[in-house]
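Here is a friendly walk through one protein model, piece by piece. Please keep the sequence and the 3D view open while you read.

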Amino acid sequence: MGSFAQARWLLDRAALPTGSGGFDVTHPSPLLALDGVDLVIDGRAILRGITVQSDACRIAVLGRNGSGKSTLARVIAGLVPSTGGEVRVAGVDVARDRRAALGAVGILFQNPDHQIIFPTVGEELAFGLLQMGQTKVQAAEGVADTLAAFGKGHWHDAAIHTLSQGQRQLVCLMAILAMRPKLILLDEPFAGLDIPTALHLTRVLARVEAGIVHITHDPRTIAAYDHALWIDEGAVVAQGPAVTVAGEFEARMQEIGARDDLAHISG
Ligand SMILES: Nc1ncnc2c1ncn2[C@@H]1O[C@H](COP(=O)(O)OP(=O)(O)O)[C@@H](O)[C@H]1O
Ligand SMILES: [Mg+2]
């Protein structure tokens with residue numbers, strides 16, 4: 001099997017076992033369901049009444065710096081419990097059922113160095129699988145399969161600090177894919193990458209059959225997305241078809257950018 005075919009095979013296995021070819025209305029629970037999600041930290045409302053219900057495979061979250069996007073991603077991943085409302089990913093209550101959450105949702109942060117904890121690629125990829133309760137033998141197989149699918153078998157014992165930022169980002173993505181989550185959250189994953197690396201990552205992501213929630217302040221990166229959510233000051237401004245919401249967001253950002261008053265520019 002060539003490396004592309006292998007990647008395809010692995011990614012197919014990461015998809016829903018329904019053979020439906022993706023996440024559609026036949027899925028018993030919505031892929032992403034947020035119901036009135038609030039997050040208050042030290043008396044300050046960071047997220048306010050966020051409600052989303054979507055089976056779209058490709059969901060974008062748009063918002064300016066400081067609007068609450070990364071916080072929302074952490075809440076969807078179950079890393080930060082909301083202080084009000086409900087979060088479910090493919091039916092899993094991600095904040096309460098942490099082990100099930102590991103199989104439901106994975107998160108790729110903007111900076112791979114905030115994610116990586118082990119010195120070698122093999123150890124980094126095995127970690128999540130062991131956390132999910134796999135034996136060492138099962139985890140080793142999962143790691144080998146994932147690396148092979150990306151033609152990176154030779155990276156197994158590589159020291160992570162010897163890899164470039166783009167390569168480290170790919171390690172993080174492979175670690176997530178190895179766990180075969182139903183939903184992958186991308187928190188501005190292209191921000192630190194040069195154009196060729198970003199294009200490579202885009203191609204890898206296009207092949208992923210798990211659902212994707214892509215967080216960005218740049219509406220141009222979500223042209224091919226189905227559903228979009230625009231948030232500002234922790235609340236939903238608009239949601240609907242990605243093309244429509246991206247257009248509204250872009251127009252509003254141009255309008256704000258045309259002003260001279262820097263007091264309106266956060267982040
Ligand atoms: N743990 C925290 N404690 C206090 N404030 C926080 C915390 N996490 C995020 N915030 C605040 O919430 C707001 C949204 O932050 P963030 O989610 O990082 O926005 P974005 O990713 O859209 O730039 C910011 O004002 C930030 O300072
Ligand atoms: Mg952020």
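Helices (H or I, at least four residues) and strands (E, at least two) are DSSP runs, numbered from the N terminus.

H8 covers residues 242-257, which makes 16 residues. From its first C-alpha to its last it reaches 22 Å, close to the 22 Å expected at 1.5 Å a residue (the expected span is 1.5 Å times one less than the number of residues).

## About the model

You are looking at a predicted model, in which local features need pLDDT of at least 70 and side-chain atom pairs count only at pLDDT 80 or more, while totals for chains, interfaces and linings use all residues. Residues are numbered from 1 along each chain as its sequence is written, and chains are lettered from A and ligands numbered from 1 in the order in which they are written.

## Helix H5

Helix H5 spans residues 136-149 and has 14 residues. Its reach from first C-alpha to last is 20 Å, close to the 20 Å expected at 1.5 Å a residue. Which residues of H5 are buried? They are Ala139, Gly142, Val143, Thr146, Leu147 and Ala149. Viewed down the axis of H5, its buried residues fall within an arc of 160 degrees, so they line one face of the helix. After H5 comes glycine 151, with a positive phi near 65 degrees.

Now turn to strand S8, residues 211-216. Six of its six residues are buried, so S8 is largely enclosed by the rest of the structure. Gly211, Val213 and Ile215 point one way from S8, while Ile212, His214 and Thr216 point the other way. In a regular strand the side chains alternate between the two faces of the sheet.

Strand S3 (residues 58-62) has five of its five residues buried, so S3 too is largely enclosed by the rest of the structure. Arg58, Ala60 and Leu62 point one way from S3, and Ile59 and Val61 the other way. S3 and S8 run parallel and are joined by five bridges; two strands pair if DSSP finds at least two bridges between them. Isoleucine 59 has valine 213 in S8 as its bridge partner, and valine 61 has isoleucine 215. S3 also pairs with strand S9 (residues 227-232), in the parallel sense, over four bridges. In S9, valine 61 has leucine 229 as its bridge partner.

Strand S7 (residues 183-187) and S8 run parallel, joined by five bridges. Isoleucine 184 has isoleucine 212 in S8 as its bridge partner. Together, S7, helix H7 (residues 195-207) and S8 make a right-handed β-α-β unit; right-handed means that, with the strands pointing away from the viewer, the path from the first strand over the helix to the second runs clockwise.

Is arginine 180 buried or exposed? Arginine 180 is buried, with 20 other C-beta atoms within 10 Å. This residue is found in the loop between helix H6 (165-178) and S7. Its C-alpha atom is separated by 9.8 Å from that of glutamate 209, 29 residues apart along the chain.

## Strands S1, S4 and S5

Strand S1 (residues 32-41) and strand S4 (residues 84-89) run antiparallel, with five bridges joining them. Glycine 84 in S4 stands opposite aspartate 38. S4 also runs antiparallel to strand S5 (residues 92-93), this time joined by two bridges, and valine 89 stands opposite valine 92 in S5. S4 and S5 form a hairpin with two residues between them, and alanine 90 in the turn has a positive phi of about 50 degrees.

Definitions and conventions: Buried ≥ 20, exposed ≤ 12 C-beta atoms within 10 Å, placed from the backbone. Arc of directions from axis to C-beta.
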